[in-house]
Amino acid sequence: MKLGKNTLFYFLAACIFLALRQIAVEADIRFFYFLLKPVAGMLEIFSGAQRIATIEGAFLFSDFNVLIDRSCAGFNFMILSFLMMVCMLIQHSNTITKKIVAFPLSLLAAYLLTILVNMSRILVAILVQHKLAFDHPSMHMAIGIFIYLSSLILCYQALHLFLNRQNWSNAKLV
């Protein structure tokens, strides 16, 4: 059986994705602080509302009656974004060095994207719930699905355009 030149890297990306997914299943809320704290901090800045850390480790915004806990961290979105980005970068790389660099680069980009998208998702949910006075139980989930899916599609399209225009495979790494 002949393996493709990228098979090992795709396998490694899938293993990292599955390992992170398993870690998330077993982790407590403190594991997710690297996502929750920046989102809560930015939400505090953009909304003007103060956050209160709860005993359980979540963040409460009493002005909006919103609790940001582990289910709001966006971890699944982050690891899915990572997998998508790393696979795209591997596909467009022509050297082993670029394929290796694709892993930390994708992880960092996925982290930053997650914070931005997650904060946007929460702000939109607060806007719909409090400013438009539309508070249906499934609305929060629908907003999350729409924003996360739209963000993944936009990220894919932007990265696809970048990789095809910049010709990532011929780029020099400094």
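Leu-116 counts as partly exposed because its relative accessibility is 48%. On this scale, buried means under 20% relative accessible area, exposed means over 50%, and partly exposed lies in between (1.4 Å probe, protein chains only). Leu-116 sits in helix H4. Ala-53 is 63 residues away from Leu-116 in sequence and 21 Å away in space, C-alpha to C-alpha.

This is a predicted model, in which local features need pLDDT of at least 70 and side-chain atom pairs count only at pLDDT 80 or more, while totals for chains, interfaces and linings use all residues. Residues are numbered from 1 along each chain as its sequence is written, and side-chain values use heavy atoms, with hydrogens and water left out.

**Overall layout**

- The protein chain has five helices and three strands. Helices (H or I, at least four residues) and strands (E, at least two) are DSSP runs, numbered from the N terminus.
- Read from the N terminus, the order of elements is α-α-β-β-β-α-α-α.
- Along the principal axes, the C-alpha atoms fill a box of roughly 55 × 35 × 30 Å.
- Of the 174 residues in the protein chain, 39% are buried.
- Among contacts with a separation of 6 or more, 69% come from residues 24 or more positions apart. A contact means heavy atoms within 4.5 Å.

**The nonpolar core**

- In soluble globular proteins, nonpolar side chains tend to be buried together.
- Here the largest nonpolar core has 52 residues. Such a core is a set of buried Ala, Val, Leu, Ile, Met, Phe, Trp, Tyr and Cys residues joined through side-chain atoms within 4.5 Å.
- Leu-36, Phe-61, Ile-68 and Phe-75 have the most contacts inside this core.
- Elements giving two or more residues to the core are helices H1 (7–26), H2 (33–47), H3 (75–91), H4 (96–131) and H5 (139–166), plus strands E2 (59–61) and E3 (66–68).
- What does Leu-36 touch, leaving out residues up to four places away in sequence? Its partners are Ile-29, Phe-59, Ile-68, Asp-69, Arg-70, Cys-72 and Ala-73.

**Helix H1**

- H1 has 20 residues and spans 29 Å from first C-alpha to last, close to the 28 Å expected at 1.5 Å a residue. The expected span is 1.5 Å times one less than the number of residues.
- Phe-9, Ala-13, Phe-17, Leu-20 and Ala-24 are buried in H1.
- Seen down the axis of H1, these buried residues fall within an arc of 80°, so they line one face of the helix. The arc is that of the directions from the helix axis to the C-beta atoms.
- An α-helix has 3.6 residues a turn, so residues three or four places apart point the same way.
- Leu-8, Phe-11, Leu-18 and Glu-26 are exposed on the other side of H1.
- H3 and H4 are among the elements that cover the buried residues of H1.
- Leu-20 touches Phe-75 and Ile-79, not counting residues up to four places away in sequence.

- Three strands form an open sheet in the order E1-E2-E3, with antiparallel pairing. Two strands pair if DSSP finds at least two bridges between them.
- Strands E1 (52–53) and E3 are the edges, and each pairs on one side only.
- E2 and E3 pair over three bridges in the antiparallel sense. Ile-68 in E3 is the bridge partner of Phe-59.
- H2 packs on the sheet and touches E2 and E3, and its direction makes about 15° with that of E2. Axes are lines fitted to C-alpha atoms, for helices over the stretch in contact, and angles run from 0 to 180 degrees between N-to-C directions.
- Buried residues in H2 are Tyr-33, Leu-35, Leu-36, Val-39, Ala-40, Gly-41 and Leu-43. Their cover includes E2, E3, H3 and H4.

- Most residues other than glycine have a negative phi, and most peptide bonds are trans.
- Asn-65 has a positive phi, near 55°, and is not a glycine. Asn-65 is in the loop between E2 and E3.
- Is Asn-65 buried or exposed? Asn-65 counts as exposed because its relative accessibility is 63%.
- Val-128 is in helix H4. Val-128 counts as buried, at 15% relative accessibility.
- Lys-98 is 30 residues from Val-128 along the chain, and their C-alpha atoms are 43 Å apart.
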